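This briefing is meant to be read beside the sequence and the coordinates.

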Amino acid sequence: MIRLVPRQETFFELFEKQVKMVNHAAHALADLLVNFENVEDVALKIKATEHDADELVHEIMRKVNTTFVTPLDREDIHALTSALDDIIDFIEAAADRMVLYEIEEPSEAVIKLSSILAEATELTVKAVCGLRDMKQSPAIREACIAINRLENQGDQVNRAALAKLFQMRDKPIEALKWREIYDHIETAIDKCEDVADIIESTVLKNA
Amino acid sequence: MKRFRFMPTEENFFELFDDIAQVLVDAASFLHDLISDYQDVETKTRILRDMEKRVDNATDDICRRLNISFVTPIDREDIHSLATSMDDVLDYIEASADRMKLYGIDKPREEALELAEILVEGTKLIRTAVSALANFRDIDSVLNPCIEINKLENQGDEVLRKAIRRLFKEETDPLEIAKWQEIFDRLELATDRCEDVADVLESIVVKNA
């Protein structure tokens with residue numbers, strides 16, 4: 001049979017697309033900080049991914065507003081897509097600041113933080129993809145718990161890094177640059193936790 | 001005997017929103033004046049704080065009426081998000097001015113004025129969209145200003161990047177850098193919050209179209 005109207009992507013498909021873009025950007029940032037080559041190009045690519053992800057948010061919002069029966073509560077759909085969008089916004093901001101501040105060499109802490117972030121987005125992919133089949137709730141829960149653990153780890157790395165930064169009394173301006181970059185990455189990890197919280201409550205509600 | 005009303009009156013939420021939108025425009029213009037004519041900072045920031053309190057009260061008022069109104073013109077949660085998102089814009093406008101005072105800024109940096117201009121534009125667009133919402137027959141009269149607000153937010157990002165680049169290039173005093181990093185951040189967040197208002201308005205009109 002020929003389809004006259006192209007099949008619309010489901011909410012789950014759109015979320016999966018969005019979270020994969022987030023994960024892609026997080027890995028691009030982590031790789032950038034390990035290799036530290038073509039910083040400007042990589043930052044631009046991350047910006048382009050962020051832009052594509054923005055389009056998806058709009059698509060999801062349009063869909064939620066024009067769909068009569070949604071598979072999840074409207075406000076949960078809205079909260080989930082916004083939180084996913086926040087993650088990628090902070091990833092983009094961190095990459096952008098590396099360029100803007102003309103960072104010459106990544107610090108140990110930034111490499112560590114961005115790898116924690118990449119791991120957290122990996123788990124976020126798992127959690128979001130689990131939504132399709134809520135019977136997998138143990139697997140979703142596991143991913144959410146792991147994200148929480150990573151968030152704590154991120155906090156600790158960030159705090160230790162800040163303490164060290166403000167001990168470098170001879171380079172206060174460098175410290176201010178790094179503080180902002182750490183802050184962006186740490187916030188991105190926090191937003192992964194927000195996604196995990198939303199997913200957990202959605203699963204409970206639909207159990 | 002207590003009298004029951006079978007048809008509770010519909011509160012005029014739109015009028016309340018119009019009022020708040022007008023205070024947002026006033027506050028943004030006031031911030032712009034403060035930055036372009038940087039005198040009597042103490043008095044001017046106090047006036048801004050009063051405006052902020054007024055909107056806080058209006059927001060509380062809306063939320064309270066929401067609890068007792070039987071019929072609302074648009075969904076309850078939309079009224080709530082619209083009120084709180086407008087409140088957030090003003091919070092950041094006020095916080096920006098407050099930081100300038102608090103940190104004893106002598107002379108505002110150029111880009112602060114540019115960001116304030118964007119905020120004046122943005123709040124005017126919010127006012128246009130909000131008043132179009134009250135008597136909305138065509139969806140575009142609400143959507144068009146929202147699209148403009150989105151563009152302004154991108155412009156705000158660009159001004160922020162320029163501001164930060166110049167700050168780190170030209171300023172040698174780390175404390176000044178730290179102060180301005182925070183002030184610029186607040187100003188830019190205010191433009192972000194304008195975009196949040198636009199998002200709420202967009203979803204309201206699409207839903208009620």
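Helices here are DSSP runs of H or I with at least four residues, and strands are E runs of at least two, both numbered from the N terminus. Read in those terms along the sequence, chain B follows the pattern α-α-α-α-α-α, and the elements of chain A, from the N terminus on, run α-α-α-α-α-α. The model is a predicted one, and the values below are computed from it.

**Overall build of chain A**

- The secondary structure of chain A amounts to six helices and zero strands.
- With a radius of gyration of 18 Å, close to the 17 Å that the globule rule gives for 207 residues, chain A is as compact as a globular protein of that length.
- Taken along its principal axes, the C-alpha trace of chain A spans about 70 × 35 × 25 Å, and 39% of the 207 residues of chain A count as buried.
- Of the contacts in chain A with a separation of 6 or more, 84% are accounted for by residues 24 or more positions apart.

**Overall build of chain B**

- Chain B likewise comes to six helices and zero strands, and its C-alpha atoms fill a box of roughly 70 × 40 × 25 Å along the principal axes.
- Of the 209 residues in chain B, 37% count as buried.
- Where contacts in chain B link residues at least 6 apart in sequence, 85% of them join residues at least 24 apart.

**A helix pair in chain A**

- Helix α5 (residues 137–165) of chain A and helix α6 (residues 172–206) of chain A have axes that come within 9 Å and cross at roughly 160°.
- Since angles over 145 degrees count as roughly antiparallel, α5(A) and α6(A) are therefore roughly antiparallel to each other.
- The crossing in which α5(A) passes α6(A) is left-handed, and the residues of this contact divide into 15 nonpolar, four polar and six charged.

**Contact between the chains**

- Between the two chains, 12 residues of chain B are in contact with 11 residues of chain A.
- On the side of chain B that touches chain A, α5 (140–170) and α6 (174–208) of chain B each supply at least two residues, and α6(B) gives the most, with seven residues.
- Sorted by class, that side of chain B holds six nonpolar, two polar and four charged residues.

- F36(A), although it is not a glycine, has a positive phi of about 50°, and its place is in the loop between α1 (11–35) and α2 (39–66) of chain A.
- In chain B, D40(B), a residue other than glycine, has a positive phi near 45°, and D40(B) is found in the loop between α1 (13–36) and α2 (41–68) of chain B.
- D40(B) counts as exposed because it has 11 C-beta neighbours inside 10 Å, the limit for that class being 12 or fewer.

Methods. Residues numbered from 1 in each chain as written. Chains lettered and ligands numbered in written order. Predicted model: local features only at pLDDT ≥ 70, side-chain atom pairs only at ≥ 80, totals over all residues. Axes fitted to C-alpha atoms, helices over the stretch in contact; angles between N-to-C directions. Parallel < 35°, antiparallel > 145°, perpendicular 65-115°, else oblique. Left-handed = near helix turned anticlockwise from the far one by under 90°. Nonpolar A, V, L, I, M, F, W, Y, C, P; charged D, E, K, R; others polar. Contact = placed C-beta atoms within 7 Å. Buried ≥ 20, exposed ≤ 12 C-beta atoms within 10 Å, placed from the backbone. Rg over C-alpha atoms; globule rule 2.2 N^0.38 Å.
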